Amino acid sequence: MKTVAETDTCAAQRRASRPRADALRNRERIVTAAREMFVEFGPDVPLDEVARRAGVGNATLYRNFPDRDALTHEVVLSVTSRTTDRAEEAVAAESDPFAALSRFVHAAADERIGALCPMLSGSFDKNHPELLAERRRLEEAVEGLVERAMSAGRLRTDIAVGDVLVALSQLTRPLPGIACLDIDRFTHRHLQLFLDGLETPARSVLPGSAATLEDLRRGR
């Protein structure tokens, strides 16, 4: 049986091991600021600038993320996880499978999923188990959206889930430093043109073969 002193010690250890609410908020602010700045300026933006936008000191940033790879890891994980959540929300919100797919595509653009492309070319560990697990969760969620829309006869049958992911990443990929600073305002317009092309009946014959998840994995 534990003594009062032992119980107090255990409670103190539990409190010490739990991050404080303000520490968690700081960490979240850093990840949010990094995601925004990676989109605007590319993944090589100075970390001091990320700290400034997050409203924290440099020491706080480096205490949470000792180097750029650690911060990039967390941003990729956050974007992937949040995008998967949007897929699950789309299924819950829309009874029409194609409407669910459309809702997800537009929501994924708002999560800036295209910003993952330049980040994934960096030096951090892209095959970290945590990232691989979250990537699989996203792939499975999008695969479910595509399969339901196709089974309902709402989606053309000569495409695969890889086609959706490739188009989504390309159409939402930021272009840092371009002259057209308002390029984002065209994103949802162009995504809708893409979605219109996915509906049945197909209005053309697509060249080549459908892009599968296996194709995308081989390309990584």
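This is a predicted model: local features need pLDDT of at least 70, side-chain atom pairs count only at pLDDT 80 or more; totals for chains, interfaces and linings use all residues.
Start with the overall layout. Of its 220 residues, 39% are buried. Among contacts with a separation of 6 or more, 72% come from residues 24 or more positions apart. The accessible surface comes to about 12600 Å², and carbon and sulfur atoms hold 53% of that.

Now for the inside. The largest nonpolar core has 50 residues, and the ones touching the most other members are Val-50, Leu-71, Leu-101, Phe-104 and Leu-198. Helix 2 is one of the elements giving two or more residues to this core; some of the others are listed here.

| Element | Residues |
|---|---|
| Helix 3 | 47–54 |
| Helix 5 | 68–93 |
| Helix 6 | 97–110 |
| Helix 8 | 129–151 |
| Helix 9 | 161–171 |
| Helix 10 | 187–198 |

Leu-71 is worth a click. Leaving aside neighbours within four places in sequence, Leu-71 is in contact with Ile-30, Ala-34, Phe-38, Leu-47, Val-50 and Phe-65. Ile-30, Ala-34 and Phe-38 are also among the buried residues of helix 2. Residues three or four places apart on an α-helix point the same way, because there are 3.6 residues a turn.

Helix 2 itself covers residues 21–41 and reaches 30 Å from its first C-alpha to its last, close to the 30 Å expected. Its buried set also includes Asn-26 and Arg-35.

How values were computed:
Residues are numbered from 1 along each chain as its sequence is written. Side-chain values use heavy atoms; hydrogens and water are left out. Helices (H or I, at least four residues) and strands (E, at least two) are DSSP runs, numbered from the N terminus. The expected span of a helix is 1.5 Å times one less than its number of residues. Buried means under 20% relative accessible area, exposed over 50%, partly exposed in between (1.4 Å probe, protein chains only). Contact means heavy atoms within 4.5 Å. Accessible areas come from the Shrake-Rupley method with a 1.4 Å probe; for residues, only the protein chains shown count as cover. A nonpolar core is a set of buried Ala, Val, Leu, Ile, Met, Phe, Trp, Tyr and Cys residues joined through side-chain atoms within 4.5 Å.
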